[in-house]
Amino acid sequence: MKTKVLAIDDSRTIRNLLAATLEEAGFEYVSAVDGREGVDMYEDVAPDVVITDINMPNLDGFGVIEELRGTDINSKVPILVLTTESAPEMKARARNAGATGWITKPFDDASLIFALKRVTGAAA
Amino acid sequence: MAGSIQDTFFEECEELLEATDEGLSAIEGGNHDPEVVNAVFRAVHSIKGGAGAFGLNELVAFAHRFETVFDEVRANRMELDEPLIQLLLRSCDHLYNLVAVARDGGETDQAHHDMLIEALDKYIPEEEEDLTFEPMGLGGPIDIAAIDIPQAPTEETYQIHFRPLKDMYSTGNEPFFLFQALQEMGPLEIVLDDSELPGFDSLDPEESYLSWNLTLTTSEPRSTVEAVFEFVEGLCELSIEGAGDADADAAALAALDAVFGSAPVDLTPVAEPTTMVEETTTPPFEQPAPVPTPEAQPEASGAKPSAPKAESTKSEQRGPNPTLRVDLERVDRLINAVGELIINHSMLAQQIANLDVADVRDVETELEGFKNLARDIQEGVMSIRAQPVKPLFQRMARIVREASSATSKTCKLVTEGENTEVDKTVIERLADPLTHILRNAVDHGIESPENRESANKNRIGEIRLSASHRSGSVCIEVKDDGAGVNRPRVKQIAIDKGLIPENAELTDSEIDNLLFLPGFSTAKEVSNLSGRGVGMDVVKNAVTGLGGRINISSTPGKGSTFTIILPLTLAVMDGMVVSVADQTMVVPITSIVETMRGNDDMINNLGADGTLLSIRGSFVPICDVAGALGLRKEDNDRPPGVYLLVETETGQRSALAVDDIHDQRQVVIKSLDGVCGEIAGVAAATILGDGKIAMILDPESILATSPTTAGAFDTERRMSNAS
């Protein structure tokens, strides 16, 4: 069974990049265009891991983490934040909100897969 | 794949730049709403993110500076004053350039680039030092690239002590997965220490009791081993101890390796013998269940209920405004097919009319329905091609800014009717003429701030760009509040250049329209803006090439207005089918003011070859279409035919004489490009219901070719007639 990734990013470019990399690596890929949509579709999609951008309209990445962590049943799903902010406080803030890890943009295929591996154990 | 994603990026960039532009314009207009500010920030941020993915480092670096400055604004640490807004607007313009260079190649204006960077840097607080944005693959702290670098396979053995704190579990991190990642690097031995695990009664399910001692032998560098624990840093007690330095000699390594490799249990510093030793070569190992809270279990892969298959499609349909991206070629194929459908309808109608059947009313009713449906489809397809002029107008705002700074004038562009939708091709082909008009408006129209002040005008010149729909056409207007056309000078230049005779007497409107004459340029010296050897005649040609008209009106001291009237679509139009010298032709409805059947009383001769039509007390020149097209020698006993009263762009009326009117119908425009050269008076062709080809006439150019109606541009002849 393929590992299912729910990617939440308002940038079509990033969504396409993620889709290309993840689908090639054998992941199942579902995307949402902003935080609100991501949270709304979370239950239906039931992903194994969530990748979310931080800066998004409607609901930002922190909001996504808080809402997903807010419900007990979901509290364990790994959430990776996509961030160009290499600033430590951004990561700290994401982690305090309950993020599992982070992927720094720009990412290459290997670091993306490596990050996913560390939070899902799956190579695909 | 990468190519198409990059295309997506550039497409998205356009949208993001438009959003940035729009947001900045709103901010410039005084709207400092946090949501507007955030939208701009996000847009630039997304450009940076995408650009980083493709290694567009110059774009990334610039976007990053922009974003950093804007972040200060967003966080209310910096005030958005006028100089900053102007700098941001210019930076946004520069982003456009950088994106264009990244996409199409070419050179950026390095001096301009450096100047903007320097200006932006002044706004960046000291502590934001890290402005170097590392290129792709090196951005993250995980230097995964290093893994691929072939190194001498010097194996190293690490002793890793790992004790999660309870907070780690609430972030969704799993020791098991970390171990799996380690296991891929080389032989791994895992020893669980559950010595701290209390009895069941005193167990706190939220607490963390377990720790692990790991022994990893790997040729990966230490940084990679550490990277595995990156996400849990600070959420666990962690020690990673290498058995030796990387440059330790091979013998020492081998010795250590032997020790660690052969006696893992002996080296385990766990006091209690409740250890779990896993042989690394036997996959898969059991999940070393951390404190098993009830929810913790279903997280292993595969335990989740599978979502319905349609999930991913469903996700695409959500979102506020679902859109579909379609290849333009497909739309054009559809438009062509609709064109054929319309032709097909006319043929069918003709066939039915030719049938020798007594009662065809029912068929005709249905045919009418067919016609309406075809029109609906056509309008639907056209609306797919229609796009708001907003992006075009935003580009023009940039043009005005650039032109203003190049000429040291202060101008602002006010836009109206940005949501007016126009055919995509029209928008594309309108960019150049509009650019030219606006540059001209800034360069020649708007006065210098000092002159404006002494004329009691606002120092800041205003150029108003508006779009609107006007009875089946699109009207685009450029209105400046500058000095207006300097008529004496325009006339003098035209005389000097031999464009008009010295004794020409022209109306104000005719003088204004001299600007459109080929070879006319009022620039005293060649400025780097509008004076590039091309004049307004190029603008006029571009507009007429789109089947449109352009007109100028001007009031001295108050400013000038350029009006461009364009057809809504380029594919289908309403036309009047007429016959001229036994040929069937089509005249565009939009240019016809009224039609009338003439009689001898209405016709007045003027001179040898001039005839005037008298309509309700006023006289208009008559142009015999057949004569103008060279289809018939003008004869005096012309049958009292039908007159189509048409109005030229300058508001002059003329009457086109044709033999008869047959019908009014939609015709599909078929370009004559590549079939034959340019024929004066003929705009295009169409296919009629009987399958015959009919020429679509261009009234403007017919009038210009006819001696009796030649307008202001054929001044010489006109003047010689008058004198």
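In the predicted model, B:Glu107 is exposed, with a relative accessible area of 76%, where exposed denotes over 50% relative accessible area, buried under 20% and partly exposed the range in between, with a 1.4 Å probe and protein chains only. The residue is placed in the loop between helix 4 (82-104) and helix 5 (110-121) of chain B, helices (H or I, at least four residues) and strands (E, at least two) being DSSP runs numbered from the N terminus. Between B:Glu107 and B:Asn97, which are ten residues apart in sequence, the C-alpha to C-alpha distance is 9.3 Å. Because the model is predicted, local features need pLDDT of at least 70 and side-chain atom pairs count only at pLDDT 80 or more, whereas totals for chains, interfaces and linings use all residues. Residues are numbered from 1 along each chain as its sequence is written, chains are lettered from A and ligands numbered from 1 in the order in which they are written, and side-chain values use heavy atoms, with hydrogens and water left out.

Since B:Glu447 lies in the loop between helix 16 (424-445) and helix 17 (449-454) of chain B, and B:Lys457 in the loop between helix 17 and strand 8 (461-470), the pair ties together parts that are ten residues apart in sequence. Both partners are buried, B:Glu447 with a relative accessible area of 13% and B:Lys457 with one of 19%.

The side chain of B:Glu447 also makes a polar contact with the side chain of B:Arg452 at 2.9 Å, and reaches the backbone nitrogen of B:Ala483 at 3.4 Å. A polar contact is here a pair of N or O atoms within 3.5 Å; within protein, one must be able to donate a hydrogen and the other to accept it, and residues adjacent in sequence count only if both atoms are side-chain atoms. B:Arg452, which counts as buried at 1% relative accessibility, meets B:Asp481 in a salt bridge of 2.9 Å, N to O. This pair links distant parts of the chain, with B:Asp481 in the loop between strand 9 (473-480) and helix 18 (487-496) of chain B and B:Arg452 in helix 17, 29 residues apart. B:Asp481 counts as partly exposed, at 24% relative accessibility.

A further salt bridge is formed by B:Glu462 and B:Arg464, whose closest N and O atoms are 3.0 Å apart; B:Glu462 is partly exposed at 23% relative accessibility, and B:Arg464 is partly exposed with a relative accessible area of 28%.

A negative surface patch is formed by B:Glu28, B:Glu79, B:Asp81 and B:Glu82. Patches consist of residues with over 30% relative accessible area and no salt bridge, like charges being joined within 9 Å and nonpolar side chains (Val, Leu, Ile, Met, Phe, Trp, Tyr) within 5 Å.

Chain A has five helices and five strands, which follow the pattern β-α-β-α-β-α-β-α-β-α along the sequence. Of its 124 residues, 73% count as buried. In helix 2 (residues 35-45) of chain A, the buried residues are A:Gly35, A:Glu37, A:Gly38, A:Val39, A:Met41, A:Tyr42 and A:Val45. At the start of this helix, a side-chain oxygen of A:Asp34 reaches to within 3.0 Å of the backbone nitrogen of A:Arg36, while just after the helix A:Ala46 takes a positive phi of about 50 degrees.

Terms used: Accessible areas come from the Shrake-Rupley method with a 1.4 Å probe; for residues, only the protein chains shown count as cover. A salt bridge is a side-chain nitrogen of Lys or Arg within 4 Å of a carboxyl oxygen of Asp or Glu. Lys and Arg count as positive and Asp and Glu as negative; His and the chain ends are not counted. The place of a charge is taken as NZ of Lys, CZ of Arg, CG of Asp or CD of Glu.
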